[in-house]
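The following note is meant for a colleague who is opening this structure for the first time. Please keep the model in view while reading the numbered points.

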Amino acid sequence: MATVSLVLGSGGARGYAHIGAIEEIKRRGYEIIAVSGSSMGALIGGMYAAGKLADYRDWVLTLNWMKVVRLLDFTLSRGAIRGDKIFIKLSEILGEINIEELAVDFTAVSADIAHQKEVWFQKGSLIDAIRASVSVPGLFTPVIKEGRVLVDGGVLNPLPIIPAVAAQADLIIAVDLNTGDSSHSHLTLPSNKYLKRSGMSDEWHMPETGHNQEEVAVTKSSEIGGRMDILLNSVEVMQASLAEYKIAGYPPDLVIRIPKDLCSFYDFHRAEETIEYGRLAAREKLEALEKGDPIN
């Protein structure tokens, strides 16, 4: 059985593709002995390392767009969303577990913007490490700890390959969520009938017909989403360039490329199709690897 050190990149809701990729890697008989991740890569990787990926998958498959809106808790200070409701749910799934207790080596990458450097979490609370790694600047409030201001790891390292090298696995497999074009030419992207060019779904724009809590939440999410479009699109362009730089510097044995057009950054209600695309993309690349065909 070949061993794998898995690198899971940042990319918002496209991170659901990591779930399908992991399931396909495991289905084909590979043993994942180490995981490193940024942002959603850290979240999905942490769930896998803790043995909770199936529970997390079952939960996200229940999310429609209104359920996602209900999870958002807005604030006017330091970020648009505190994330408390989301992390209460994630904590329920994970329980209290430290990174050093996990069955596989795990690294969550965050960015300390106060000192302009990467921070690797390889011990301590798993949920705290994930929280620090997913704090998208301007969208989620940052984690302030010991004089550090911790935000989304993708700001400095959207595809953290270096931590994977130390595991000395047979293969390093990276899942990049920020590719401009799909290298899986015959895979069909899910229908994006609601997806605007800017990345904001029409589903998030519900007319104001009253003032109940849900309608206010939808209105706020629409307003914030509109303002965030340019910022997030700019961040994704930057992360795509950074990821290619990381791949060139430390080439993995296999790169599974997930196109940006798969879904928008915040389409967290589209888990089923995104997971399936990740599975099919991983299957195509792994089949080529096993046949000795060109893969990257």
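**Notes on the chain**

1. Taking contacts in the chain between residues at least 6 apart in sequence, 77% join residues at least 24 apart, where contact means heavy atoms within 4.5 Å. This is a predicted model, in which local features need pLDDT of at least 70 and side-chain atom pairs count only at pLDDT 80 or more, while totals for chains, interfaces and linings use all residues. Residues are numbered from 1 along each chain as its sequence is written, and side-chain values use heavy atoms, with hydrogens and water left out.

2. The chain holds 9 helices and 8 strands; helices (H or I, at least four residues) and strands (E, at least two) are DSSP runs, numbered from the N terminus. Of its 296 residues, 56% are buried, a term that means under 20% relative accessible area, with exposed standing for over 50% and partly exposed for values in between (1.4 Å probe, protein chains only). The accessible surface of the chain is about 13100 Å², and 52% of this belongs to carbon and sulfur atoms; such areas come from the Shrake-Rupley method with a 1.4 Å probe, and for residues only the protein chains shown count as cover.

3. Helix α2 (residues 40-49) is mostly covered, since 10 of its 10 residues are buried, and among them are Met40, Leu43, Ile44 and Tyr48. The helix is followed by Gly51, whose phi is positive, near 75°.

4. The largest nonpolar core has 68 residues, of which Leu6, Tyr16, Leu43, Tyr56, Leu90, Ile173 and Ile258 touch the most other members; a nonpolar core is a set of buried Ala, Val, Leu, Ile, Met, Phe, Trp, Tyr and Cys residues joined through side-chain atoms within 4.5 Å. Helix α2 gives the most to this core, with 7 residues. Apart from this core lies another, of 9 residues, among them Ile161, Ala164, Ala243 and Ile247. Tyr16, leaving aside its neighbours within four places in sequence, is in contact with residues including Met40, Tyr56, Asp267, Phe268 and Arg270.

5. Helix α6 (residues 126-133) is largely enclosed by the rest of the structure, because 7 of its 8 residues are buried. Those buried residues include Arg131, Ala132 and Ser133. At the start of α6, a side-chain oxygen of Ser125 reaches to within 3.2 Å of the backbone nitrogen of Asp128.

6. What surrounds the side chain of Ser110? Ser110 lies in strand β3 (residues 105-112) and is buried, with a relative accessible area of 0%. Not counting residues up to four places away in sequence, Ser110 touches Lys117, Glu118, Val119, Phe121, Ala132, Ser133, Leu150, Val151 and Gly153. A polar atom of the Ser110 side chain lies 3.0 Å from the backbone oxygen of Ala132, and a polar atom of that side chain lies 2.8 Å from the backbone oxygen of Val151. The C-alpha atoms of Ser110 and Ser38 are separated by 6.8 Å, although the two residues are 72 residues apart along the chain.

7. Asn157 belongs to the loop between β6 (148-152) and α7 (162-165), yet it is buried, with a relative accessible area of 3%. The side chain of Asn157 makes a polar contact with the side chain of Glu118 (3.3 Å); a polar contact is a pair of N or O atoms within 3.5 Å, where within protein one must be able to donate a hydrogen and the other to accept it, and residues adjacent in sequence count only if both atoms are side-chain atoms. Leaving aside neighbours within four places in sequence, Asn157 is in contact with Ser38, Val109, Glu118 and Lys246.

8. Val165 is found in helix α7 and is partly exposed, with a relative accessible area of 43%.

9. Gln116, in the loop between β3 and β4 (117-121), has a positive phi of about 55° although it is not a glycine, and at 69% relative accessibility it counts as exposed. Glu146, in the loop between β5 (143-145) and β6, has a phi near 50°, a positive value in a residue other than glycine, and Glu146 counts as exposed at 69% relative accessibility.
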